[in-house]
Amino acid sequence: MYRLLAGLALLGLAACSSLNLQTASRLRALDYINDDIASLVLAFDLPRGLQPEEGGSVLSFDVATATGGEKHLNAVLVRADADEIAGTLPPPATNRVYFLFGFSDKDKTALREMQSWARALPADSSGAVKVALAPRFCSIAPVDLAKANVSVLIALPGESSLAPLIDNQKLADALAGSELGSC
């Protein structure tokens, strides 16, 4: 059951990101049911002049089954410490900067409970896992929405080479119709 859920999660996430196929062959996909996603650190890779809105980015994690019920969590991202993932991310490119985020202790507990619940579902349960990232950005300098790209890299302490959640997506697409305000 959890392999089916993990596979469905990856299909849902693939629709949200634009991962380079050459890069993808070298990176391991995150397993949303078995990896400790509560320990996940998200690195927003942004052009200088752009930054995430404080408390505005949300990771939604939904597990639904036909027979076992469903669970939903919207986790607001909080600032993370770089010490947790030192050396697992490449240095940012020229004129780019990382902003690191993780989860509050309350959301970490809720994420682990959802994973435990999903792993305990009967093997014959059909279901779906949906993971969606809703980033919110603001600017401290003028940014061309049509030319600026954003990525969201992920890291787990002790792991390396994980596929990004968002890979080099146009800022205009990542905003999904929202306005880019000033910080």
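These legends accompany several close-up views of a predicted model.

**View 1. A hairpin is built from strand 3 and strand 4.** Let us start with two neighbouring strands. Strand 3 covers residues 58-65 and strand 4 covers residues 69-76. The two run antiparallel and are joined by 8 bridges. Between the strands of this hairpin sit 3 residues. For a handy landmark, look for Leu59, which stands opposite Ala75 in strand 4.

**View 2. Asp36 and Arg112 meet in a salt bridge.** Here we turn to charged side chains. The structure has 5 salt bridges, and one of them joins the side chains of Asp36 and Arg112, with an N to O distance of 2.9 Å. The pair links distant parts of the chain, 76 residues apart: Asp36 belongs to the loop between helix 2 (21-26) and strand 1 (41-47), while Arg112 is part of helix 3 (residues 105-119). Are these side chains buried, or partly exposed? Asp36 has a relative accessibility of 31% and so counts as partly exposed. Arg112 is partly exposed too, with a relative accessible area of 37%.

**View 3. Glu53 forms a salt bridge with Arg136.** The closest N and O atoms of Glu53 and Arg136 are 3.6 Å apart. Both partners of this pair come from loops: Glu53 from the one between strand 2 (50-52) and strand 3, Arg136 from the one between strand 7 (127-134) and strand 8 (137-139). Glu53 is partly exposed at 24% relative accessible area, and Arg136 is partly exposed at 33%.

**View 4. Glu54 forms a salt bridge with Arg79.** In this pair, the closest N and O atoms lie 3.3 Å apart. Glu54 is found in the loop between strand 2 and strand 3, and Arg79 in strand 5 (residues 78-79), with the partners 25 residues apart. How do the two compare in accessibility, exposed or partly exposed? Glu54 counts as exposed because its relative accessibility, 58%, is over the 50% cut-off. Arg79, with a relative accessible area of 40%, is partly exposed.

**View 5. Phe44, Phe101 and Phe137 form one aromatic cluster.** Now for the rings. The structure holds 2 aromatic pairs. In one of these, Phe44 and Phe101 are arranged edge-to-face, 5.0 Å from centre to centre and with 65° between the planes. This pair links Phe44 in strand 1 with Phe101 in strand 6 (residues 96-102), 57 residues apart. Phe44 and Phe101 are both buried. Why is the pair of Phe44 and Phe137 edge-to-face? The ring centres of Phe44 and Phe137 are 6.0 Å apart and their planes are at 70°, so this pair is edge-to-face. Since Phe44 lies in strand 1 and Phe137 in strand 8, the pair ties together parts that are 93 residues apart in sequence. Phe137 is buried, as is Phe44.

Conventions. Residues are numbered from 1 along each chain as its sequence is written. This is a predicted model: local features need pLDDT of at least 70, side-chain atom pairs count only at pLDDT 80 or more; totals for chains, interfaces and linings use all residues. Side-chain values use heavy atoms; hydrogens and water are left out. Two strands pair if DSSP finds at least two bridges between them. Helices (H or I, at least four residues) and strands (E, at least two) are DSSP runs, numbered from the N terminus. A salt bridge is a side-chain nitrogen of Lys or Arg within 4 Å of a carboxyl oxygen of Asp or Glu. Buried means under 20% relative accessible area, exposed over 50%, partly exposed in between (1.4 Å probe, protein chains only). Rings of Phe, Tyr and Trp (its six-membered ring) pair if their centres lie within 6.5 Å; planes under 30 degrees apart count as stacked, over 60 as edge-to-face and the rest as tilted.
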